[in-house]
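Please find some notes below for a colleague who has not seen this structure before.

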Amino acid sequence: MNELVSELKNAIIEALNLEDVKPEDIDNDAPLFGDGLGLDSIDALELIVLMEKRYGIKLQDPAAGREIFRSINVMADYIAAHRTK
Amino acid sequence: MNRIYIRAAEQISLQQPLSEAWMEEPVRVEGPWARATDPDFRRWLTPGESRRLGTILKRALVTTLSLLRKTGLEHPDAVCVGTGLGCMVNTERLLETLCNEGETMFSPTHFMQSTHNTIASLLAIHTKSHGYNITYSHKDLSFDLALLDAWMQFRQGRIHTALVGGYDELTPSYFTLLKRIGYLGVEGEVPGSEAAVTLLLTDEGTDALCELAGLRILYRPTEKELQTALASLLDEAGIVRGDLSAVVTGVNGNGANDLFYEAFTSRELPGIPMLRYKHLFGTGYSAPAYGPYVAAHCLSRGIIPSSLLYGTMSPDNEAPRALLVVNQRDGKQYSLQLLRVCGN
């Protein structure tokens, strides 16, 4: 799981072009949106694309992303359980 | 009628960015393709502000922010942009993803930034300028039409300040395509990416670079129509041909296209020296935006750098008083802009 968390952080930094953020800056349990990493609705769309492209997970219901993208740990758990690649 | 002035003009190009150092020490660039020299964007934009922006958007934003900082103006009444291709890098990424991975896999950021009017929209959002906002995309005439639109808004009294910019970016693949159709890549040309913006206003103040005394745009004009347009442009400004210090042309090393500039100048303005600027700033759809930029700074400083001279005639040693900026492509479309020193 630790490996997936680390990989996920790097993938998010790259996909969202978070130039000034390092993987160790991201708290695994902190919210990704709002106060935490400060992502917004466009980032949510980018994360949906990332999930499909990298892990073969197709989110049919965008509203489900609200829960899945709550934090790095929640995201990693979801990917581990649903990934097809 | 409101008189219209160029208060400031800024550029990013092959020359030193956000600077007029080219007037004293021009950077000489050889083809076949040169990259623009970017400023340190981090001085202007936080990582958060710039993380989604492609290079063309950063250039547009930084030239604009520099201009606004210099002039102290915060919210221009209008934002008018000319661009031949818009955000080409993002457009290519979007198309590549569509072709390789299907339409559900592309990045929303690349999608949003693949439209031509992204640039003008971004400038408006970032500077909170919520007035008139428009984008023209007509190949080499894009900037000129944006300028004409602003001019008409000024003359009708609808606006008092306007940002008018020209922006394009050249990618390796698009350069290859343009070379194949003979638009770019002729030996002697310096193809590049362009970013130039001018701030126009109706208040001469004490700091304006020059007056934009008039402009004309013509499509497939006959010689007679071109002659008439030039005559009316000069008449309207109350000057005669002999008052022109020089003609600022878009001569770029492509002989087939340069011939039209030479024919126009020798026919309509014999004895008036020709200048050029694309060998310094680059050639591309928005390169004409450097025309008024160059002319405005020459008029403001009262000098014509020798690096701009073209042909056998040189301007006299007096400070230039009026410059005609001419942009044309293959003799089909012409744009004439008359700039003169303030205080007339």
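1. Two residues are taken to be in contact if their C-beta atoms, placed from the backbone, lie within 7 Å. On that basis, in this predicted model, eleven residues from chain A and eight residues from chain B make up the contact. The chain B side of it consists of three nonpolar, three polar and two charged residues.

2. Chain B has two domains assigned: domain 1 covers 5-202, and domain 2 covers 210-340. Their centres, taken over C-alpha atoms, are 22 Å apart.

3. Where the domains of chain B touch, domain 1 contributes 43 residues and domain 2 contributes 32 residues. On the domain 1 side, the elements giving two or more residues are β1 (4-12), α6 (142-155), β4 (161-168) and β5 (194-201) of chain B. The largest share, seven residues, belongs to α6(B). By class, this side of domain 1 holds 23 nonpolar, 13 polar and seven charged residues.

4. As for secondary structure, eleven helices and eleven strands are found in chain B.

5. Along the principal axes, the C-alpha atoms of chain B fill a box of roughly 60 × 45 × 40 Å.

6. How much of chain B counts as buried? The share is 51% of its 344 residues. Among contacts in chain B with a separation of 6 or more, 78% are between residues 24 or more positions apart.

Conventions:
Residues are numbered from 1 along each chain as its sequence is written. Chains are lettered from A and ligands numbered from 1 in the order in which they are written. This is a predicted model: local features need pLDDT of at least 70, side-chain atom pairs count only at pLDDT 80 or more; totals for chains, interfaces and linings use all residues. Ala, Val, Leu, Ile, Met, Phe, Trp, Tyr, Cys and Pro count as nonpolar, Asp, Glu, Lys and Arg as charged, and the others, Gly among them, as polar. Domain bounds come from an automatic or database domain assignment. Helices (H or I, at least four residues) and strands (E, at least two) are DSSP runs, numbered from the N terminus. A residue is buried if 20 or more other C-beta atoms lie within 10 Å of its own, exposed if 12 or fewer, and partly exposed in between; C-beta atoms are placed from the backbone.
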